[in-house]
Protein chains: 2
Amino acid sequence: MSQPPINALAQRLRHELPTLALFDDAANREVYAYDNSKRRGVPDLVALAESHAEVEIIVRHCHELAVPLIARGRGSNTTGASIAASGGLVLSLERMQRILHIVPGDRYAQVEAGVLNGDLNQTLQQHGLCWAPDPTSAPYSSIGGNLACNAGGPRTVKYGAARDNLLALRGVDGRGRGFRCGAAVSKLSTGFDLARLLVGSEGTLAVITEATLLLTPLAEAKRGMRALFDSVESAASAVARIMAQPVRPCALEFMDSAALGLVRSRGVDLPVGAAALLLIEVDGRAVELADQCQAIQKAADGAGLIEFQIASDDTALAGLWAARRALSPALRELAPTKVNEDVVVPVSRLPDLVRSVVDFGRQAGITVVCFGHAGNGNLHVNLMFDGADPRQAEAAEHCLNQVFDRVIELGGMLSGEHGIGLAKRDFMQRALDPVTLDLMRRIKAEFDPKGILNPGKLLPPAIA
Amino acid sequence: MSQPPINALAQRLRHELPTLALFDDAANREVYAYDNSKRRGVPDLVALAESHAEVEIIVRHCHELAVPLIARGRGSNTTGASIAASGGLVLSLERMQRILHIVPGDRYAQVEAGVLNGDLNQTLQQHGLCWAPDPTSAPYSSIGGNLACNAGGPRTVKYGAARDNLLALRGVDGRGRGFRCGAAVSKLSTGFDLARLLVGSEGTLAVITEATLLLTPLAEAKRGMRALFDSVESAASAVARIMAQPVRPCALEFMDSAALGLVRSRGVDLPVGAAALLLIEVDGRAVELADQCQAIQKAADGAGLIEFQIASDDTALAGLWAARRALSPALRELAPTKVNEDVVVPVSRLPDLVRSVVDFGRQAGITVVCFGHAGNGNLHVNLMFDGADPRQAEAAEHCLNQVFDRVIELGGMLSGEHGIGLAKRDFMQRALDPVTLDLMRRIKAEFDPKGILNPGKLLPPAIA
């Protein structure tokens, strides 16, 4: 960033918002230079807004001076979506932490964007309610960030992702104009759905400052099951059967044989011949669960099922999840570099995808470990290699290219819940048709005519 | 419409698409001049497209010649959204009736826009699946029309409206460019959500030609209940209690005392003192229903409950619905003119709304009958009067204005499921903030730079 507009911006903000936390020192700029993608981009300025009104003023000045503005929750995203790739101002919403209203009778909560998912859910518990999206990062990721990425988690298979649990938004567009869209109602046909358009837009269309969230009553009880299969194909067929019957699980997680091998090596005991695992949970009224488990067991039963266990209590449930919990630490020790993609395909194409991905890895000499949210066809493909070795890095990149091509062939998409950011931006041209991409760019240009909002993220540069 | 562009359009289409059903005779133009709003607008031309490719060509020529194009399913909408208000070409999609794919294992169906909701659901039955949106018009309304209006129905309270049950779309923008958006997956974070943006856009952004729909497994069994209350307030409080607990009903319908009075006059026997009625259904596994009913009964129980009945079988269920079924014919006989709005408010504001609406009606000397989808806060407000009497017509208009103002005061919106069309277009400025409306207009301009797609609908003209 050339200095004159940055200096002018700092001067204007200090003048108009004398109490704003605004930093340009190296230490603070460094603190906001990262996200969970391990990419880095040092901003020129960091502002910690405390209100919607402040955000309007900050964006308006950035617009007038054409300074890039990167809105940020807690930086837990994995795609580089919240780093200042080309300098500019990082606008952190971490101080906008107020839960404005909780209306249990209408099942909605209105919150500022910086409220943490985990904090909100803790508060909601006393009302017997929750906000359903449950990314792994929930304890330390913000509602605004969850919405910007359309975050999900295991519960998405029954309760939906961020977009499905949103009613209304307050935001600021790229000119610095505040607006509200949607309403605190669960059914709406009054104009274009701008609220859901902003979900998943990764801060490229507007800064989300407040959200009105649809709440879900907490289930009375939950029960877990574990099914082991002799092959990925058998497991994936069982997933399709489970999803086609009326009892919808509240988690339907998958691990492939590489993942099982890893957790076996960490001491988790699994039957011989088990090459794929499903963790399944159902929730609802306590008296219903036995019947729900029976329905799931019936659907899971079929060719290749080796073992089916229903957890009798919470301790047993924790035992079933041991394999899944052992996986992340085991992965960390497997190789210095992990590229974790979260591609999504129709459920029935999971076996094709896993088979292809394992083949690509073998050809490239790279270990590939697959697990994920099978009920949504959302697979975490982990390429494990040593990024310091240029040959391995190149092989991994080639492998990743093949994975995305295969996903698109199978009718799937680049990301189910992590988003695009910088990491997958250059694959968008393969995934979307040119007219669709053109329409997205045109929408972007209307919300943000100077292109100051999170520049370079999500949309690939147009080919001149 | 001035004739030269129309003649040129007809000539071009006959030349490029010699087999296209294209009509300019008075009889055919008259057939496509109506919709269910009782408004009228005679198009200059009527085209019955048979494929996406034909739609691309038709829209491209309309774009080049700046001829208005009104896409149309079966014209069942109630807002004038599908009439040719300023001439031009009506593009009917009624011949695009192919169900392209049904993939039960992945719970999706891909269909052409002209497929009727009822036909699709009949076909899906053999797979144990359904497409959840259930407008009253389902037997004769098209999927494309359902999506264009974000149609819902009683089931929406549990299974969502059209937007919630859509995965991907194929469409044609205002330049005649075909595109696809979304994917056949239940979880997606790959760019802006154009598919859901098009839902509810009433043909003003693009012509929807094909849709990939999320399917829902048919419930094994269903059970109905009826609760009678001594006041609207008591009933609405019960609705809020029912919606705040974990057993979600698959229908939660409401009738006010005017509605009950009407059906009483048609011979439906109801206890003395009953001033509001709830019809409630639950569905799921057969073995769960008794427990679900118990949970609903417990939530419904409270101040003002006069009677609570659980239908023992289908005959008893039909008996409970008798009051609701008797309502529409009774309404038709009450007054020559019925203005049926479908406003939506947070559930807890229903009593305020009903009380206000009854007051406005009394002041205006107009009978007001309220019923609707209480679980979504979606109230059908029926103003009954004689439109041929200018004094009554004026009073009704004044009353309608008051209703919309009140709805907005209560945090609600103009329409829950019917959409805006021409009927509510001029209220949009009251309901939405100016920046939001400006962003909608800008999106419209990018999808349709010449403003040919369903001109004059949904968005009010910008004030110069």
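Figure 1. Strand S5 (residues 99–103) and strand S6 (residues 108–112) of chain A pair in the antiparallel sense over four bridges. Strands here are DSSP runs of type E with at least two residues, helices are runs of H or I with at least four, and both are numbered from the N terminus. Two strands count as paired if DSSP finds at least two bridges between them. Ile99(A) stands opposite Val111(A) in S6(A). Four residues lie between S5(A) and S6(A) in this hairpin, and Arg107(A) in the turn has a positive phi of about 55°. This is a predicted model: local features need pLDDT of at least 70, side-chain atom pairs count only at pLDDT 80 or more, and totals for chains, interfaces and linings use all residues. Residues are numbered from 1 along each chain as its sequence is written, chains are lettered from A and ligands numbered from 1 in the order in which they are written, and side-chain values use heavy atoms, with hydrogens and water left out.

**Figure 2. The S8–S9 hairpin of chain A.** Strand S8 (residues 166–173) of chain A runs antiparallel to S9(A), and five bridges join them. Leu169(A) has Cys181(A) as its bridge partner in S9(A). The hairpin leaves four residues between S8(A) and S9(A). Gly176(A), in the turn, has a positive phi of about 90°.

**Figure 3. The five-stranded open sheet of chain B.** The strand order is S5-S6-S10-S8-S9 in chain B, with antiparallel pairing. Strand S5 (99–103) and strand S9 (178–182) of chain B are the edge strands, and each pairs on one side only. From one strand to the next, the twist averages 15°. Angles run from 0 to 180 degrees between N-to-C directions; axes are lines fitted to C-alpha atoms, for helices over the stretch in contact. Within the sheet, strand S6 (residues 108–112) of chain B is joined by five bridges to strand S10 (residues 206–214) of chain B. Tyr108(B) has Leu214(B) as its bridge partner in S10(B).

**Figure 4. Helices lying across strands of chain B.** Helix H3 (residues 52–65) of chain B lies across S8, S9 and S10 of chain B. H3(B) runs at about 40° to S8(B). From the other chain, H16(A) lies across strand S8 (166–173) and S9 of chain B, at about 75° to S9(B).

**Figure 5. The interface of chain A and chain B.** Chain A gives 86 residues to the contact (heavy atoms within 4.5 Å), and chain B gives 86 residues. The two chains bury about 6800 Å² between them, 57% of it on carbon and sulfur atoms. Buried area is the accessible area (1.4 Å probe) that two parts lose on being put together, summed over both. Lys187(A), Ser189(A) and Phe192(A) supply 13% of the area that chain A buries against chain B, more than any other three residues.

**Figure 6. Salt bridges between and within chains.** Ten salt bridges are counted between chain A and chain B. A salt bridge is a side-chain nitrogen of Lys or Arg within 4 Å of a carboxyl oxygen of Asp or Glu. Arg177(A) forms one with Asp438(B), the closest N and O atoms being 2.7 Å apart. Over all chains, the structure holds 65 salt bridges. Within chain A, Arg355(A) forms a salt bridge with Glu233(A), with the closest N and O atoms 2.8 Å apart. Arg355(A) lies in helix H13 (residues 350–364) and Glu233(A) in helix H8 of chain A, so the pair ties together parts that are 122 residues apart in sequence.
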